[in-house]
Amino acid sequence: VVACRPGMRELEKLQSRFGFAHVTENYAEALSYGVDAVVVASPPADHFEHVAASLNAGAHVLCEKPFTVEPADAWHLAELADNLGLHLIIAYGWNWIPAVQRAKELLADVPIGAIRHVFVHMASDVWQLLHGTGTYQEADPDFPPDLATWNDPRRSGGGYAPGQLSHGLALLLWWSGLAPDAVMAAMDPPTGVDLFDALLLKFKDGAVGVASGASTTTGGAPREQIEVRMFGDSGHILLDLEREQLEVYTPERGTITIDLEPGDGLYQCSGPPNALIDLALGKSIENRSPARLGAAVVEIVRAAMTSSEELQYVNCGDGTWRRD
């Protein structure tokens, strides 16, 4: 129906390529056309305003990650969608890929007991993007990202943690069902646009976990690294999307390895937009990246940033250790 973004030249290209009936630089005008579904892909600092306006206009919404910058805004939007009876999806594409669905089914078929420890690691080639010196490999040359959306913390809300590690956190929470309680974190740099993240997580049932994130240079990682491990009181499970490896172990059944198809672990974000349309059409499907999940991730990221700014280290050595 309508495309909305800054720049009339870019809008004309969008209209020509995809056949939009209308184009505009004003989102209020875009919503005036009576749309049924909206994709919000503006800078994170604008998500709250744009999602709220879209919901209040009666549209189902798919919002890019990070959902919002502030947790209170995320929870407000989740409640607003519920109150209006509308669907709100966050663009956590990993939650929808075949390997992750197989992993969720495997954990249901082969329980590992109460989860006591979790680990999630993510690395992706956004070094240049976060430094403002380049873009990502898959960027459309006709529609390059505005670098300030990534390297200006006033617009992005941070760096790697909100922009990328949020994917891994959303996958971990959706798969495990754990509810976050507290976070301690070290980030490099500790404020502004973080490039490397180390998070210590505590969950409401007493489980603990670790989340790590690293930005790599363009071309340094031919595909994103995401690895999740979960340890229960009666087994453990591994999902490595880079190597397309999925296996579970319990004492009773030993190690069970699932043969994933080549490409099952590759990132794609067709799941969330397809779900947006299906839900808008009234189809009964599972929302694998709901707004409340997005709000929980925003809480973790914001708490981690606060912890990183205020972190006090406890000395654990005098610096005399050396490798021979």
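Predicted model: local features only at pLDDT ≥ 70, side-chain atom pairs only at ≥ 80, totals over all residues.

Analyst: Let us begin with one residue and its neighbours. Ser124 touches Tyr160, Gln164, Ala214, Ser215, Thr216 and Glu224, leaving aside residues up to four places away in sequence. Ser124 itself belongs to strand S6 (residues 115-124).

User: Is Ser124 buried or exposed?

Analyst: Buried means under 20% relative accessible area. Ser124 has 2% relative accessibility, and therefore counts as buried.

User: Which residue forms a polar contact with the side chain of Ser124?

Analyst: The partner is Gln164, whose side chain is joined to that of Ser124 by a polar contact of 2.7 Å.

User: How should I read the packing of two helices?

Analyst: Two packed helices are described by the angle between their axes and the distance between them. Here, helix H3 (residues 44-56) packs with helix H4 (residues 71-84) at about 5°, the axes being 10 Å apart. Angles under 35 degrees count as roughly parallel, so H3 is roughly parallel to H4. H3 contributes His47, Phe48, Val51, Ala52, Leu55 and Asn56 to the contact, and H4 contributes Asp73, His76, Leu77, Leu80, Ala81 and Leu84. By class, these residues are 8 nonpolar, 3 polar and 1 charged.

User: At what angle do the axes of H5 and H9 cross?

Analyst: The axes of helix H5 (residues 98-109) and helix H9 (residues 160-176) cross at roughly 30° and come within 10 Å. H5 is therefore roughly parallel to H9, and the crossing is right-handed. Val100, Gln101, Ala103, Lys104 and Leu107 of H5 meet Leu171, Trp174 and Trp175 of H9. This contact comprises 6 nonpolar, 1 polar and 1 charged residues.

Notes. Residues numbered from 1 in each chain as written. Heavy atoms only, no water. Helix = DSSP H or I, 4+ residues; strand = E, 2+ residues; numbered from the N terminus. Buried < 20%, exposed > 50% of the residue type's maximum accessible area, 1.4 Å probe, protein only. Polar contact = N/O pair within 3.5 Å; in protein donor to acceptor, adjacent residues only side chain to side chain. Contact = heavy atoms within 4.5 Å. Axes fitted to C-alpha atoms, helices over the stretch in contact; angles between N-to-C directions. Parallel < 35°, antiparallel > 145°, perpendicular 65-115°, else oblique. Left-handed = near helix turned anticlockwise from the far one by under 90°. Nonpolar A, V, L, I, M, F, W, Y, C, P; charged D, E, K, R; others polar.
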